[in-house]
Amino acid sequence: GQQLLRLTDAVDGDSIHPTIDEKTASVVFESTASLRGGGSGVSQIFVYAQTLPLLQLTQGAGPSTHAMPTKIAAGIAFESTAALRGDGHDTGVSQIFWYDRRKSNLVQLTNGNGPSRRPWVTSKLRLKAAPGTVSVKVPPPAIVFESEATDLVGSSGVAGPQIYVASTRLG
């Protein structure tokens, strides 16, 4: 018969946007619930693996959302307005982060003056530089995202959302 397994059961928040980390057979999701005993109400990133306790990746005062694991490495990209590499306060500006599960290492990929959003992890990306730009080889896995920041490396200062790609081999 059909089996149904509930992974979360919290009365103080919502657990949403599940995705699968195929490399580690884990479920990555965001939740506003106090699943690990901390505070509730602000979206945080969690990882459920059958053989390990529930892992809470983020613990900031600002929301962490749009988590996306890789298919070829044990890493997770996400966006957050929390100062996760500092005291965790809410900066009000979303930045792109990369968590390397093998090294238990969190890397902040952007620190821009405008929001960076919607990270998408890819293991196969062939880039051809646009006319008038510098050609750069980005080793996989890479993160593609949009950003309104005008001070990121390679930005011409043009206002409005632009598309970027970042290497995850930074940490």
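Student: Where is P115 found?

Tutor: This is a predicted model. In it, P115 sits in the loop between strand 8 (105–108) and strand 9.

Student: Is P115 buried, exposed or partly exposed?

Tutor: Partly exposed, at a relative accessible area of 23%. The cut-off for buried is under 20%.

Student: What is P115 in contact with, leaving aside neighbours within four places in sequence?

Tutor: V93, S94, E146, S147, E148 and A149.

Student: And how far apart are the C-alpha atoms of P115 and T81?

Tutor: They are separated by 8.5 Å. Along the chain, P115 and T81 are 34 residues apart.

Student: On to strand 9. Why call it largely enclosed?

Tutor: Because five of its seven residues, 116–122, are buried.

Student: In which sense do strand 9 and strand 10 pair?

Tutor: Antiparallel, over five bridges. Strand 10 covers residues 142–147.

Student: Which residue stands opposite T122?

Tutor: A142, in strand 10.

Student: New topic. How many aromatic pairs are there?

Tutor: Three. One of them is F29 with F46. The ring centres are 5.7 Å apart and the planes are at 15°, so this pair is stacked.

Student: Where do F29 and F46 lie?

Tutor: F29 is in strand 2 (residues 26–31) and F46 in strand 3 (residues 44–48). They are 17 residues apart, and the pair links distant parts of the chain. Both F29 and F46 are buried.

Student: What about F145 and Y164?

Tutor: They form a stacked pair, with 5.7 Å centre to centre and 15° between the planes. F145 lies in strand 10 and Y164 in strand 11 (residues 162–167), so the pair ties together parts 19 residues apart in sequence.

Student: Is F145 buried or exposed?

Tutor: Buried, at 5% relative accessibility. Y164 also counts as buried, at 13%.

Note on methods. Residues are numbered from 1 along each chain as its sequence is written. This is a predicted model: local features need pLDDT of at least 70, side-chain atom pairs count only at pLDDT 80 or more; totals for chains, interfaces and linings use all residues. Side-chain values use heavy atoms; hydrogens and water are left out. Buried means under 20% relative accessible area, exposed over 50%, partly exposed in between (1.4 Å probe, protein chains only). Helices (H or I, at least four residues) and strands (E, at least two) are DSSP runs, numbered from the N terminus. Two strands pair if DSSP finds at least two bridges between them. Contact means heavy atoms within 4.5 Å. Rings of Phe, Tyr and Trp (its six-membered ring) pair if their centres lie within 6.5 Å; planes under 30 degrees apart count as stacked, over 60 as edge-to-face and the rest as tilted.
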